[in-house]
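Open the model in your viewer and keep the sequence panel beside it. The stops below tell you what to select next and what is there.

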Amino acid sequence: VPGAMGSLLEAKLEKKTTVSYICSRKNDWFTLWITETAVVASECFFDNVKMRYLGNGRMDDNEGVEVRVPFYGNSIGGVRCIIPHTEAQCYATRNWMTVLHWLQKA
């Protein structure tokens with residue numbers, strides 16, 4: 001998993017059951033980490049982010065949950081802001097913008 005702050009995780013749901021009536025069973029790609037939902041509906045978040053141990057040190061996503069790292073391989077796409085849904089939200093959560101600006105100039 002990339003750094004906990006400043007990187008993103010997205011998920012797609014095709015679950016048979018959920019841990020609570022407020023949790024989604026089916027959903028197209030959405031931001032799993034970091035969002036307001038992860039705090040408000042933490043029960044849903046933890047169920048979606050938990051991993052399954054397959055043995056021999058191997059792990060997999062929870063059943064019915066597919067997780068991906070957006071911008072994987074893009075040097076700054078995943079860390080330029082915490083909440084990238086809109087430019088206004090991105091600007092408000094620009095956690096690494098100063099550092100990225102100077103690194104890009106170097």
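Predicted model: local features only at pLDDT ≥ 70, side-chain atom pairs only at ≥ 80, totals over all residues.

**The whole chain**

Residues are numbered from 1 along each chain as its sequence is written, and side-chain values use heavy atoms, with hydrogens and water left out.

Now show the surface. The protein chain exposes about 7,400 Å², and carbon and sulfur atoms supply 57% of it; accessible areas come from the Shrake-Rupley method with a 1.4 Å probe, and for residues only the protein chains shown count as cover. Of the 106 residues, 31% count as buried (buried means under 20% relative accessible area, exposed over 50%, partly exposed in between; 1.4 Å probe, protein chains only).

**The sheet**

Select strands E2, E1 and E5. These 3 strands form an open sheet in the order E2-E1-E5, with antiparallel pairing; two strands pair if DSSP finds at least two bridges between them. Strand E2 (26–33) and strand E5 (65–68) stand at the edges with a single partner strand each, so one side of each has no neighbour in the sheet. From one strand to the next, the twist averages 20 degrees.

Zoom in on E1 (residues 9–14), which is joined to E2 by 5 bridges. Here Leu13 stands opposite Asn27 in E2.

**The helix on the sheet**

Axes are lines fitted to C-alpha atoms, for helices over the stretch in contact, and angles run from 0 to 180 degrees between N-to-C directions.

Within H2 (residues 42–49), pick Asp47. Is Asp47 buried or exposed? Asp47 is buried, with a relative accessible area of 10%. Leaving aside neighbours within four places in sequence, Asp47 is in contact with Lys15, Val19 and Asn62 (contact means heavy atoms within 4.5 Å).

**Strand E4**

Last, select Met59, found in strand E4 (residues 58–61). Met59 is partly exposed, with a relative accessible area of 46%.

Definitions and conventions: Helix = DSSP H or I, 4+ residues; strand = E, 2+ residues; numbered from the N terminus.
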